[in-house]
Amino acid sequence: MSISEVKIANLRSYELFEVSLDPRVTLILGPNGSGKTTLLEALYVAMRGSSFRGSDRDMVAHDRKVADIKTIDASGDARRFHLSFSPDGKLIKTIQIDGKTTQRVPMKYRMPVVLFEPEELRLLSSSPQRRRDFIDGIISRLSPAYLTLLNRYSRTLLQRNELLKQRETMEVSAWENHLFAWDIKFAELASQIFSMRQDFIARSNQHLSRLYSDMADKPHEITVRYKTPLPVSNYQQKLLHSLESQRISDSYRGYTSVGPHRDDIAIQLDEHPASETASRGEMRTIMLAYKLFEVELQQEKTGKAPLILMDDVFSELDITREQHLMRSLKHYQTIITATDLRKELKIDATIVNLTSK
C-alpha cells in the first residue's frame with residue numbers, strides 16, 4: 001500500500017509542512033540544507049518506528065517541545081508519530097496506528113523500507129565498523145531478533161571490557177572467575193551473531209553476481225567472504241579459548257580484541273579484491289547490488305513491496321547506473337532526493353521543489 005501524503009510539524013528545520021506523494025516516483029528537489037533528508041526520515045520513522053539518523057530526540061526542532069509526523073496511505077488509513085518532552089526532559093514517543101496508541105510500532109505494523117544513502121556507496125573503502133554496521137543493519141531489518149541479539153552482545157562486551165580493566169584492583173582468582181562467566185556468555189552470543197552473518201553472506205553469494213551483472217550489462221562474479229581470525233568450524237569453542245589465552249594482553253589494552261565486533265567482510269569482483277582493484281563506479285555498483293538484494297529480501301519476507309527511499313544517491317552515479325536503478329525499482333513506490341534534475345535522466349515523477357518551502 002503506497003503512501004499518498006505526509007505531514008510534519010516541528011521536525012528539525014520544519015515548522016509545518018505537508019506533501020502529496022506519487023504512488024510510483026516522487027522527486028524531491030532542493031539545495032543542501034533545505035530539508036530533503038528530513039522528509040525521508042519522517043517516512044522512515046512512520047513506517048519503522050525510529051530514525052536512521054541517530055537519536056529520536058534530535059528530530060524535535062530546536063526550542064520546541066513537541067513534534068509530529070502523520071502519513072496517510074492510498075486507502076485513507078493514517079498513522080501518527082508524536083514526540084514530546086516531559087517536564088524533566090524525558091522524550092515521550094506516542095504512535096497511533098489502526099485506532100491503537102502505543103509507544104513503539106508493533107511488529108505487525110512495521111512496513112518494509114529500503115534506504116539508499118550515498119555514504120553506503122563508499123563502504124568498500126571505508127572502515128570495518130561501517131561494513132559490519134551495513135551487514136548488521138540489513139539482517140536486523142529482516143530479523144528483529146537479530147537486533148535484540150546485537151544489543152545483548154554489546155552489553156556483554158561492555159561488561160567484559162569493564163572487568164578487564166579491574167585486573168589490578170581485584171584478587172586474581174576472583175577476577176578470573178568473574179571473567180570466565182562473562183566469557184561463556186560472550187562466546188555464546190558471538191557464535192549466534194557469527195552464524196547469522198555467515199548465513200546472510202551465503203545468500204548474498206547466491207544473488208549479488210546476478211544483480212551486479214544486470215546493472216553492468218555484462219557478466220561478472222561477486223564473492224563475499226567473512227573475515228575472522230578464528231576457524232569457522234567449532235567457532236564458539238575456539239573463541240572461548242582465544243578469550244582465555246588473551247586475557248592478560250586484553251587487560252592491558254582495556255578491550256576485548258577478538259569477536260564479531262572486530263570482524264570484517266571482504267568482497268571480490270571477478271576474483272580480485274574489490275577494495276584494491278575496483279573503480280569507484282564498480283564499488284558503487286556492488287553496493288547498489290546489495291541494496292537491490294535487500295529490496296528482494298524484504299519483499300520475500302513480508303510479501304509486500306517495500307517503500308524505497310533514495311537520499312541524493314544520483315550524485316554518486318553515472319547515467320547508465322541511474323537508468324538501470326530506476327528500471328529495477330519501477331514496481332515500487334520510490335521517493336528520491338536530489339539537488340537538481342539532470343537533463344540526461346528521463347524520469348516520470350511527481351516533482352516537489354523545496355526552494356519555495
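Trainee: Which residues do ring pairs link into a cluster?

Mentor: This is a predicted model, where local features need pLDDT of at least 70, side-chain atom pairs count only at pLDDT 80 or more, and totals for chains, interfaces and linings use all residues. Residues are numbered from 1 along each chain as its sequence is written, and side-chain values use heavy atoms, without hydrogens and water. Rings of Phe, Tyr and Trp (its six-membered ring) pair if their centres lie within 6.5 Å. The cluster linked by such pairs is Phe 134, Phe 200, Tyr 290 and Phe 293.

Trainee: How many aromatic pairs does the structure hold?

Mentor: A pair of aromatic rings is described by the distance of the centres and the angle of the planes. The count for the structure is 9.

Trainee: Are the rings of Tyr 14 and Phe 17 stacked, edge-to-face or tilted?

Mentor: Planes under 30 degrees apart count as stacked, over 60 as edge-to-face and the rest as tilted. Here the centres are 5.1 Å apart and the planes at 50°. The pair is tilted.

Trainee: Is Tyr 14 buried or exposed?

Mentor: Buried means under 20% relative accessible area, exposed over 50%, partly exposed in between (1.4 Å probe, protein chains only). Tyr 14 has 2%, so Tyr 14 is buried.

Trainee: Why is the pair of Tyr 153 and Phe 186 tilted?

Mentor: The ring centres lie 5.0 Å apart. The pair is tilted because its planes are at 35°.

Trainee: Over the face of which residue does Arg 167 lie?

Mentor: A charge sits over a ring if NZ of Lys or CZ of Arg is within 6 Å of the ring centre and within 35 degrees of the ring normal. Arg 167 is 4.7 Å from the ring centre of Tyr 252.
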